[in-house]
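Here's a quick briefing to read with the structure open beside you. Take it topic by topic, and find each residue as you go.

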There are 2 protein chains.
Amino acid sequence: MKNILLLGAGRSASTLIQYLLDHAATEEWTVTVADASAELAAAKTQGHPAASAVGLSIQDEEARKALIGKADLVVSLLPPHMHMIPAMDCLEMGKHFITASYESKEMAALHAEVEAKGLIFLNEMGLDPGIDHLSAMEMVDEVRSRGGEPVAFRSYCGALVAPDSNNEWGYKFTWAPMNVVLAGQGGTATYLQDGRTRYQVYQRLFSEAETVEVPDWGKFEAYKNRDSLSYISKYGLEGIKTFYRATLRFRGYCRFWNHLLRLGLTENVTKISTEGMTKGDFLFSFLEELPGKSRLESLAAFVGETPNGDNVSKLVNLGLISDEPIDIASGTPAEILLSILEPKWKFEDDDHDLIVMLHQLDFTLKGRTKRLSYHMVVKGKDPVHTAVSRTVGLPAAIAAKLILRGEITRKGVIIPNFREIYDPVLRELEELGIGFVRGEQG
Amino acid sequence: MKNILLLGAGRSASTLIQYLLDHAATEEWTVTVADASAELAAAKTQGHPAASAVGLSIQDEEARKALIGKADLVVSLLPPHMHMIPAMDCLEMGKHFITASYESKEMAALHAEVEAKGLIFLNEMGLDPGIDHLSAMEMVDEVRSRGGEPVAFRSYCGALVAPDSNNEWGYKFTWAPMNVVLAGQGGTATYLQDGRTRYQVYQRLFSEAETVEVPDWGKFEAYKNRDSLSYISKYGLEGIKTFYRATLRFRGYCRFWNHLLRLGLTENVTKISTEGMTKGDFLFSFLEELPGKSRLESLAAFVGETPNGDNVSKLVNLGLISDEPIDIASGTPAEILLSILEPKWKFEDDDHDLIVMLHQLDFTLKGRTKRLSYHMVVKGKDPVHTAVSRTVGLPAAIAAKLILRGEITRKGVIIPNFREIYDPVLRELEELGIGFVRGEQG
């Protein structure tokens with residue numbers, strides 16, 4: 001019997017746990033689920049005979065090391081800044097380690113030691129990062145094997161809500177809501193276009209969003225991700241002329257969001273007291289009321305539409321010219337905006353989330369330019385096995401199986417950008433309903 | 001004999017030192033100037049019989065305490081984050097203490113102890129903060145003494161270059177250049193207008209600059225300072241309807257600067273390698289070159305002018321469509337922009353700087369609304385006794401004299417917002433050529 005230890009039993013753990021338990025008998029596994037909340041861990045394992053659920057404070061070194069010592073492989077779904085704690089234990093005690101998070105510099109620095117011990121520390125094994133790497137590398141390898149030369153790679157991914165439960169803003173919170181409000185504020189988007197490094201600053205990110213067509217699904221909008229350049233070497237695409245990664249939204253979202261950005265409502269520095277402040281007062285502390293005009297007319301003038309215009313309506317229907325009270329006593333503009341968005345954009349139990357991923361790889365072959373495209377659309381099954389939970393959890397779960405079977409020969413601190421891992425994982429994901437549609441033009 | 005110890009002999013110390021030495025004989029002072037560079041300290045005291053110049057590392061506790069122990073009053077022109085080091089010594093050894101910097105929370109926390117020892121720790125005794133407080137309080141006290149009720153206070157200050165040595169951008173670096181590039185990025189400007197707290201986010205700060213007229217000098221532009229609200233209680237103006245502080249620039253500056261801001265060139269987070277990059281490449285890594293258009297035409301389209309438009313010319317004349325190399329190997333957009341601005345906006349030895357300050361105090365008196373205004377324009381004398389050096393140094397120097405004469409009865413950690421200090425200091429500043437012109441309307 002082999003023991004898999006899962007650290008963290010939160011939202012995105014559900015499908016991962018189900019996969020591990022479903023395979024426990026045939027693979028001869030026991031599965032230990034540890035979470036700060038023992039109740040949550042128990043709720044997720046539901047008394048399965050192969051499972052044990054334990055309460056664990058990750059700072060409790062003795063308890064943590066006891067659990068890791070009994071494991072053959074550890075999957076960490078902890079907050080990213082905590083991964084190094086179990087990783088160091090795994091290195092010390094000779095255990096394999098998987099996360100769905102970006103490989104940190106601290107983690108990468110362990111590579112030689114991990115490799116020397118014959119261990120695998122596999123990071124970026126979720127959706128984004130994760131499935132994006134698996135599928136991109138399959139595309140790159142195919143093009144190269146045919147003798148093609150990649151010239152442009154564009155990768156788009158969005159966590160959305162399925163159109164059947166969509167709202168007028170075309171968005172609901174299916175994932176960390178504050179990250180949505182702060183999107184783009186970490187630094188200027190950096191990417192490669194036509195052979196030159198390009199920069200797009202936050203104040204232009206949404207106003208200069210791109211329109212992109214997903215086959216069978218129609219047009220979406222996409223705003224650039226912060227860092228695209230570091231992926232070029234990860235995908236072995238040095239010398240490519242155009243390379244970027246972007247976030248997908250339904251049409252109309254970026255123009256709408258840009259109005260909130262221009263107003264200053266996404267700023268996350270300045271503390272504001274909202275005592276006695278209505279949602280209308282909040283908006284009009286950032287926007288001037290024009291002399292002799294109503295709040296509606298003043299807002300319409302700022303947006304550049306008539307008072308019954310589309311974006312004006314979206315702002316009005318958030319309550320932004322209303323006398324409704326604000327739900328929090330103080331906060332940054334971003335925190336207050338989030339409190340206003342949350343009830344309107346709440347992901348309900350009868351909603352289904354939707355993951356959309358699209359890659360376009362342009363290449364030259366025998367003097368002609370062609371485009372290989374992959375797209376994947378995954379709809380959530382229910383409030384537990386959401387598309388996010390499935391696409392984040394299943395790659396890590398399948399990787400755990402491959403590692404414990406000894407089918408991954410590469411060692412050290414790695415990400416899933418090589419055939420030995422992308423091939424079996426993509427094939428199994430397809431069987432589980434998470435598959436790409438391949439297309440080629442030119 | 002009383003001994004004054006000055007910590008820091010940099011640019012803004014010159015006029016302060018000259019004042020202290022000019023008054024040393026009549027006031028019976030000796031003056032010790034201590035700086036990390038003993039040469040700089042000696043250059044500033046020039047062998048004056050009342051002066052001694054010493055090299056001092058502020059972290060050298062023994063040397064520092066020996067100097068402070070021999071002093072009756074310490075003036076600190078150290079970088080603001082260092083003031084607490086000599087302040088703690090002054091508290092321990094019972095010495096008065098003066099700075100031209102904002103009163104920090106740590107400093108304010110010493111108030112009871114300083115007061116109990118009968119000491120004066122006077123902060124914000126320079127230009128801005130400093131002369132702004134002195135003059136504002138004189139205006140407020142006058143209005144109140146006449147029975148008037150303040151309804152609006154607007155305060156403007158700018159460190160500019162005199163029109164006779166002005167350039168086409170209407171600006172030269174007479175003060176910390178990086179602060180000019182990063183202006184407005186600390187957080188959303190917060191102020192009071194018509195009884196309501198108002199917020200203006202960075203991306204709107206320069207595009208919504210105000211035009212303001214300075215009597216005899218014509219129209220200027222002004223962008224809001226970050227924090228205006230905390231001054232309301234400092235000036236005893238609780239209940240006022242409109243209150244803000246703003247930074248003055250010559251006309252055209254804010255519109256021009258807004259183009260740099262919109263482009264993303266003032267962003268100070270993202271590290272960019274500029275290897276082999278020309279100034280034109282730098283601009284056009286942030287701006288798209290329109291198909292079939294020249295760089296000049298693409299820039300003009302972004303600015304919304306013809307290619308020979310005013311703002312296009314200002315950008316072109318910075319070298320931003322040229323093949324000139326960039327002087328630094330890497331940096332944030334803001335750092336690279338600064339390297340491009342510095343040679344063009346260099347303050348030369350034959351330039352004169354210009355301090356412009358304007359206050360408008362609107363008040364009601366016997367049912368009528370009136371406006372009391374104060375304005376002050378100070379031109380630098382020479383490269384050493386600049387307007388900045390004079391307006392920052394002289395208030396602190398005069399305050400040192402008043403304190404050593406025992407003419408300030410208020411004790412503790414204080415700022416100069418009371419009559420006992422503003423009256424004699426403003427009168428002496430007038431004699432030294434730093435005077436306000438008073439006006440009244442309505």
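"Buried" means under 20% relative accessible area, "exposed" means over 50%, and "partly exposed" is in between (1.4 Å probe, protein chains only). With that in hand, Tyr156(B) and Tyr244(B) are both buried. What you're looking at is a predicted model, in which local features need pLDDT of at least 70 and side-chain atom pairs count only at pLDDT 80 or more, while totals for chains, interfaces and linings use all residues. Residues are numbered from 1 along each chain as its sequence is written, chains are lettered from A and ligands numbered from 1 in the order in which they are written, and side-chain values use heavy atoms, with hydrogens and water left out.

**Two copies**

- Two copies of a chain are related by a rotation about an axis and a shift along it.

**Rings meeting rings**

- Over all chains, the structure holds 42 aromatic pairs. Rings of Phe, Tyr and Trp (its six-membered ring) pair if their centres lie within 6.5 Å; planes under 30 degrees apart count as stacked, over 60 as edge-to-face and the rest as tilted.
- Phe282(A) and Phe286(A) have ring centres 5.6 Å apart and planes at 70°, so this pair is edge-to-face. Both Phe282(A) and Phe286(A) are buried.
- Tyr156(B) and Tyr244(B) also make an edge-to-face pair, with 6.1 Å from centre to centre and 90° between the planes.
- That pair links distant parts of the chain, 88 residues apart: Tyr156(B) is in strand 7 (residues 149–161) of chain B and Tyr244(B) in strand 12 (residues 242–250) of chain B. Helices (H or I, at least four residues) and strands (E, at least two) are DSSP runs, numbered from the N terminus.
- Trp169(A), Tyr171(A), Phe173(A), Tyr253(A), Phe256(A), Trp257(A) and Trp345(A) are joined into a cluster by ring pairs.

**A helix under cover**

- Helix 12 (residues 253–263) of chain A is mostly covered, with nine of its 11 residues buried.
- Among those buried residues are Tyr253(A), Phe256(A) and Trp257(A), which also belong to the ring cluster.
- Just after helix 12 of chain A comes Gly264(A), which takes a positive phi of about 100°.

**Charges over rings**

- A charge sits over a ring if NZ of Lys or CZ of Arg is within 6 Å of the ring centre and within 35 degrees of the ring normal.
- Arg249(B) lies over the face of Tyr253(B), 5.3 Å from the ring centre.
- Arg262(B) has its charged end over the ring of Phe302(B), 4.0 Å from the centre.

**Salt bridges**

- A salt bridge is a side-chain nitrogen of Lys or Arg within 4 Å of a carboxyl oxygen of Asp or Glu. Over all chains, the count comes to 54.
- Lys234(A) forms a salt bridge with Glu124(A), with the closest N and O atoms 3.6 Å apart. Lys234(A) is in helix 11 (residues 230–234) of chain A and Glu124(A) in the loop between strand 6 (120–122) and helix 8 (131–145) of chain A, so the pair ties together parts that are 110 residues apart in sequence.
- Which of these two partners is buried? Glu124(A) counts as buried at 1% relative accessibility, while Lys234(A) counts as partly exposed at 24%.
- Glu142(B) and Arg438(B) meet in a salt bridge at 2.6 Å, N to O. Their positions, helix 8 (residues 131–145) of chain B for Glu142(B) and strand 18 (residues 437–441) of chain B for Arg438(B), are 296 residues apart.
- A network of salt bridges links Glu138(A), Asp423(A), Arg427(A) and Glu430(A).
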